[in-house]
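Me: Hey, I'm new to this one. Can you walk me through it?

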Amino acid sequence: MSDNLPEVSKSITEEALWDSLPHEILTHVFLRLPIKSIITCTSVSKTWKSLIRNPSFISTHLHHSSNNDLLLFRLCPKPLAKAVKQRERIGDEKEVYALHWDDNTNFHQYTTFDDFPFHGQSATGVFRVVGTCNGLICLADDLNTYAYNFILWNPCVKKYVQLPTPNFSFRTTGPYTAAVGFGFDSKTNDYKVVRFVTPEDGDFEEGESSPKVEVYSLATGKWRVVTAQCPKCAVRDAMSVCQRLQAFVNGALHLVCYKRTQFLYFVLVFDFEDEVFREIPLPKHSDMFYWNWVSILAYGNSIALLEPGYLLHTLDIWVLKNYADASSWTKIISLDAQAPPQDISRPPSGFYRKKIPCAKAFRKSGEVILETYKKRLVSRNLETQEVKDLGITGSKFSFVDPYVESLVLLDKPDLAVTNYGKVR
């Protein structure tokens, strides 16, 4: 044992040397390291581990990482998508999560999260991605089912939180429709998942009752019912997997809703800080005949609506140019099914909805990522109309969103989160 004393002494001396560096210098160095290297540094010494897992450093790192332009792609391999569609037993093919650089010169892959830890845990075979925020990915197992499996996952640090069963369920409410949103409350530094639940009892009429609203707080680990009264409206559920049903912008969740009594469509806004509701009128000349197919996306610091035209031959894109001015809705383009990108020739007649490209996300440059009829993912410049093939094949369950690498969840105690694997 005495033979090992010099090595032990050397190790203690080196650790003391590293620990003697001022925290300001260490922070400066850590912020310039790749996130995988930062995780490795937590094993160097207790001091480094304490510094990196400090909520203040995690917040500083998040702010520093926000300058990186990345896009998250969730893709489902064909065998998996086919098995889910035909309700067959899924095999070994997993959901694919990958990050790509979002720049105008190339679209190189930055990294992939190969070890998807929830394979086989979904009631339908595939999770729905509710949204992303500050490196967290919110997953819901609610496609055509009453399952209550909600997850907040940070693949960068290989940690996730399994949410408890919500207050409103089939057992407590009976048949219902539900919409789910996800975002961040900057006032309390808390991440929240919101559910809008509309009971469908014997007297149910779509759009004539107020949804019940509940919020899950990551800080408390619990669901609670929102006390503010939600307007009477119909909120779409997760049946339409091809559409984006919610957009988190400026600290608030945005959903397209419908009031039956006034035959009025509007954007319902739920403020995450004050937990109150407000409404944004839709464009006066917009066509909501097929409102179930309308998507809402974040567009910079504002929102955009993507709706099929009355004859289903076009995809109209409306942008709220000035977020604070509801009269600033502007139609920036109307994409015809025959315009690029197109995969097939236009039939002489018949139902034509699926031939129109499906909008997935807006890039930082303002270009829109579209999924064609044959599931090719392309980027279209809405000013020059130039179309770039991204070399990525999507599926019915494709999801695209801006993404920021973060250390969120790293500061949570082991009892509050689940760890899996090692960051490599």
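What follows is a short chat about a few parts of this structure.

Me: What kind of model is it, and how are residues numbered?
Reply: This is a predicted model, where local features need pLDDT of at least 70, side-chain atom pairs count only at pLDDT 80 or more, and totals for chains, interfaces and linings use all residues. Residues are numbered from 1 along each chain as its sequence is written, and side-chain values use heavy atoms, with hydrogens and water left out.

Me: Okay, helix 5. Which of its residues are buried?
Reply: In helix 5 (residues 55–65), F57, I58, H61, L62 and S65 are buried. Buried means under 20% relative accessible area with a 1.4 Å probe, protein chains only. Helices here are DSSP runs of H or I with at least four residues, strands are E runs of at least two, and both are numbered from the N terminus.

Me: Why are they on the same side?
Reply: Because they cover an arc of only 140 degrees around the axis of helix 5. That arc is taken from the directions from the helix axis to the C-beta atoms.

Me: And what covers them?
Reply: The cover includes helix 2 (23–30), helix 3 (35–41), helix 4 (46–52) and strand 9 (190–199). Contact means heavy atoms within 4.5 Å.

Me: Since helix 2 came up, which of its residues are buried?
Reply: L26, T27 and F30 are the buried residues of helix 2. They fall within an arc of 100 degrees seen down the axis, so they line one face of helix 2.

Me: New topic: the largest nonpolar core. Which residues touch the most other members?
Reply: L139, W153 and L407 do, out of 55 residues in that core. Strand 5 (residues 136–140) gives the most to this core, with five residues. A nonpolar core is a set of buried Ala, Val, Leu, Ile, Met, Phe, Trp, Tyr and Cys residues joined through side-chain atoms within 4.5 Å.

Me: What does W153 touch?
Reply: Leaving out residues up to four places away in sequence, its contacts include Y97, F116, P117 and Y420.

Me: Last one, S295. Where does it lie, and is it buried or exposed?
Reply: S295 lies in strand 17. At 5% relative accessibility, S295 counts as buried.

Me: Which residues does S295 touch?
Reply: S295 touches Q243, R244, A304, L305 and L306, not counting residues up to four places away in sequence. A polar atom of the S295 side chain also lies 3.1 Å from the backbone nitrogen of R244.

Note on methods:
Buried means under 20% relative accessible area, exposed over 50%, partly exposed in between (1.4 Å probe, protein chains only). A polar contact is a pair of N or O atoms within 3.5 Å; within protein, one must be able to donate a hydrogen and the other to accept it, and residues adjacent in sequence count only if both atoms are side-chain atoms.
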